[in-house]
Amino acid sequence: MNSIKHHRGYSTMYQEGSLTLGLFFAIESYSGAIPDMDVAQQIRTAQLAESHGFAALYFRDVFLNVPSFGDVGHIHDPWAFMGYVTAHTSRIALATGSIIATLRHPLLVAKAAASIDRLSNQRLVLGIATGDRPAEFPAFGQTLEARSGLFQEALAVMRQAWSEDFPRISTPRVHLSGADTLPKPQLGNIPVMVTGNSRQSVEWIAEHGDGWLYYPQNLAEQAITIKKWRSLTPEFKPFTQSLYLDLAEQPDSPPSPIHLGFRAGRNFVIQYLNSLKAIGVNHVGLNLKYGRRPAHEVVQELGEFVVSAFPAHAVADQVF
């Protein structure tokens, strides 16, 4: 099995000691739970982000419209939408934030992920999570209490399905013998980022994940979290966090808090990202939902004035 350090999506997003930037779909500002999702506009903005050196585009896995959560993500099934975006981009990494591994059959996730990775020329970075919307679990015949075991099972099954020909797998959801999943990833593996704690210990995540996708905290708390993470990962494993951003029009506007992020001008944004880099954050996925300005305009400004300090890593073109 080849190292994921040779994986194009992973290499575009991650290098030790550096920080890159990504964008969550829907790439738009909107109120309420449901974005407009003008797909043509989404693609134009995604292509703009790619041209300016953003490292990743993020896809979410939201099965049902649960009003109490107030957020349906980008509406479309992540694999279908990712395939569409794959065909309209060429270099930017395709990251999931995150696929709900507890409510999807592991062999189907393995096949879908390997398909996207092959079709995108090895650009998939797979974030996985347990899911946290209670209404979804009975709808799919599962229980919240089973999440920890289902998550561990899913990751183990995917790893084996990707790396072995005709594997023999026996788990609560999988009884595979005499058959195989196709395609296989080019490297026999796909980078997997565990989201939050996913009902696991940090020690388990450090051992079994290729990196950690976490939530924003104040700098002091995030520094403590990263210090613990690094103590458990002597081999470099990246630390990623999300961040909601409302980019003010005036470059020198000071910060004010919003849900899981802040409103500020670009000068503070650069300062803050440098602070995250200094404590060991390797990638930040930006969500523009709560913005007051058109997202395309914000991506243009970030591309011109911010991303140059945190650009995607250059990766040699390869065709598989």
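**Questions on loops and helices in a predicted model**

Student: Where is phenylalanine 166 placed in this predicted model?
Tutor: The model is predicted. Helix H6 covers residues 147-163 and strand E6 covers residues 169-170. Phenylalanine 166 is found in the loop between helix H6 and strand E6.

Student: Is phenylalanine 166 buried or exposed?
Tutor: A residue counts as exposed when its relative accessible area is over 50%. The value for phenylalanine 166 is 53%, so this residue is exposed.

Student: Is methionine 37 buried or exposed?
Tutor: Methionine 37 also has a positive phi, near 50°, and sits in the loop between strand E1 (20-24) and helix H2 (39-52). A residue is buried when its relative accessible area is under 20%. The value for methionine 37 is 7%, so this residue is buried.

Student: Which residue does a cis peptide bond join to leucine 182?
Tutor: The omega angle of this bond is about 0°.

Student: What is omega for the peptide bond from glycine 97 to serine 98?
Tutor: Serine 98 is in the loop between strand E3 (93-96) and strand E4 (99-100). The bond from glycine 97 to serine 98 is cis, with omega near 10°.

Student: How far apart are the end C-alpha atoms of helix H9?
Tutor: Helix H9 has 14 residues, 266-279.

Student: Within what arc do the buried residues of H9 fall?
Tutor: The buried residues of H9 are Arg266, Phe268, Val269, Tyr272, Leu273 and Leu276. In an α-helix, residues three or four places apart point the same way, because there are 3.6 residues a turn. Seen down the axis of H9, the buried residues line one face of the helix, because they fall within an arc of 150°.

Student: Which residue follows H9?
Tutor: The phi of this residue is positive, near 110°. The residue that follows H9 is glycine 280.

Student: What covers the buried residues of H10?
Tutor: In H10, the buried residues are Ala295, Val298, Val299, Glu301, Leu302 and Gly303. The elements that cover these residues include E1, H2, E10, H9 and E13.

Key:
Residues are numbered from 1 along each chain as its sequence is written. This is a predicted model: local features need pLDDT of at least 70, side-chain atom pairs count only at pLDDT 80 or more; totals for chains, interfaces and linings use all residues. Side-chain values use heavy atoms; hydrogens and water are left out. Helices (H or I, at least four residues) and strands (E, at least two) are DSSP runs, numbered from the N terminus. Buried means under 20% relative accessible area, exposed over 50%, partly exposed in between (1.4 Å probe, protein chains only). The expected span of a helix is 1.5 Å times one less than its number of residues. The arc is that of the directions from the helix axis to the C-beta atoms. Contact means heavy atoms within 4.5 Å.
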